[in-house]
Amino acid sequence: MELRQLRYFVTVVDEGGFTRAAQRLHLSQPGLSAQLKQLERELGQRLVDRGARTVTATEVGRAVLDHARAALAAVDRIEQTVQEFSGLLRGRVRLGAVSGAAADEFDIAGVLAGFHDDHPGVAISLTEDTSERMLAALDRDDLDLALVGLTGAELGPGIATDVVLETPLVAAVAAESDEPADTITLRALTERRLICLPRGTGLRGIFERSCAAAGFVPEIAFEAAAPPLLLELAARGLGTAVVPALGAEEAAGFGVRVLPIVEPAIRGRLALAWRGDRPLAPAAKVLLGQLRIALRTGT
């Protein structure tokens, strides 16, 4: 018994005849019929009834059919698995990340280095951009994976995400400021010159959406792509920076004090994003898995 004979048998039953099955298999009809007869001789049972117009499975054939389909499906899975591992020897992966994500607690460089050591034939590219532009690049198929900030806005129908970090947004003021409170309400920020990430970033998007829900438009006096620069501007008394939460020791190192934003509290979310409406290439699939583990554990 050969696998190709099982495939011929299944196809003949599915097509209800030798003519259509032969066309689908790109075989001659006599050759297909001969192969099926050989399978029947080896099994010692007729598998199909050859009618004048249609071919149907016999009782034995119907009992064998499910097993034949399962065997063929198993072979297909084996071939797919081998192809996936073969695909890791070549190809490319295009990764995007929000500014600053490749530093601090996210060792993206370490993940990429490890991936390159394991799969030196795969070309890897990394670009930094705003979340908005990277999501558009995923839609255009210009990126395979991206680490983006989510704004709460609805994503494209084909985009899948996995949140790897949630953090409160806080207001940072100069350490020597005479700020009397330990917290600040969102509404109170209407009276301040604000320092924030640029439009298109997840943090800016979620902040502006929160302000809009509260009925006001924030006054953004300074924009910078990296949170450390926002903190430096705040430390020099140029305004109040809206940044992801940081500890008191880290804040002191930047020369700022941190005021949690309340009424309401705002949380930023970083997520890995990819096209979920079609299979990822093998190399991108493996890198996605490694990034999910690394970004969640901070290793």
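A crossing of two helices is right-handed if the near helix is turned clockwise from the far one by less than a right angle. The crossing of α1 and α2 is of this right-handed kind. The model examined here is predicted.

The chain is divided into three parts. Domain 1 covers 3–69, domain 2 covers 88–164 + 270–297, and domain 3 covers 165–268. The C-alpha centres of domain 1 and domain 3 are 71 Å apart. A UniProt record, from an unreviewed entry, places the feature "domain: HTH lysR-type" at residues 1–58.

Two packed helices are described by the angle between their axes and the distance between the axes. Helix α1 spans residues 3–15 and helix α2 spans residues 18–25. These two pack at an angle of about 125°, and their axes are 8 Å apart. Angles from 65 to 115 degrees count as roughly perpendicular, and angles over 145 as roughly antiparallel. α1 and α2 are therefore oblique to each other. The right-handed crossing of α1 and α2 is built from residues of both helices. From α1 come Tyr8, Thr11, Val12, Asp14 and Glu15. From α2 come Phe18, Arg20, Ala21, Arg24 and Leu25. The residues of this contact of α1 with α2 comprise 5 nonpolar, 1 polar and 4 charged.

Helix α3 (residues 29–43) also packs against α1. Here the angle is about 110°, with the axes 9 Å apart. That makes α1 roughly perpendicular to α3. The crossing of α1 and α3 is left-handed. On the α1 side, the contact involves Arg4, Gln5, Leu6, Tyr8, Phe9 and Val12. On the α3 side, Leu32, Gln35, Leu36, Gln38, Leu39 and Glu42 take part. The residues in the contact of α1 with α3 divide into 7 nonpolar, 3 polar and 2 charged.

The remaining pair is α2 and α3. Their packing angle is about 100°, and their axes lie 9 Å apart. α2 and α3 are therefore roughly perpendicular to each other. Phe18, Thr19, Ala21, Ala22 and Leu25 in α2 make contact with Gln29, Leu32, Ser33 and Leu36 in α3. The contact of α2 with α3 has 6 nonpolar residues, 3 polar and no charged.

Asp141 has a positive phi of about 70°, although it is not a glycine. Asp141 sits in the loop between α6 (131–140) and β5 (145–150). Glu263 and Pro264 are joined by a cis peptide bond, with omega about 0°. Pro264 belongs to the loop between β11 (256–262) and β12 (267–275).

Notes. Residues numbered from 1 in each chain as written. Predicted model: local features only at pLDDT ≥ 70, side-chain atom pairs only at ≥ 80, totals over all residues. Heavy atoms only, no water. Axes fitted to C-alpha atoms, helices over the stretch in contact; angles between N-to-C directions. Helix = DSSP H or I, 4+ residues; strand = E, 2+ residues; numbered from the N terminus. Parallel < 35°, antiparallel > 145°, perpendicular 65-115°, else oblique. Contact = heavy atoms within 4.5 Å. Nonpolar A, V, L, I, M, F, W, Y, C, P; charged D, E, K, R; others polar. UniProt positions renumbered as here; feature names shortened; annotations may be inferred. Domains from an automatic or database assignment.
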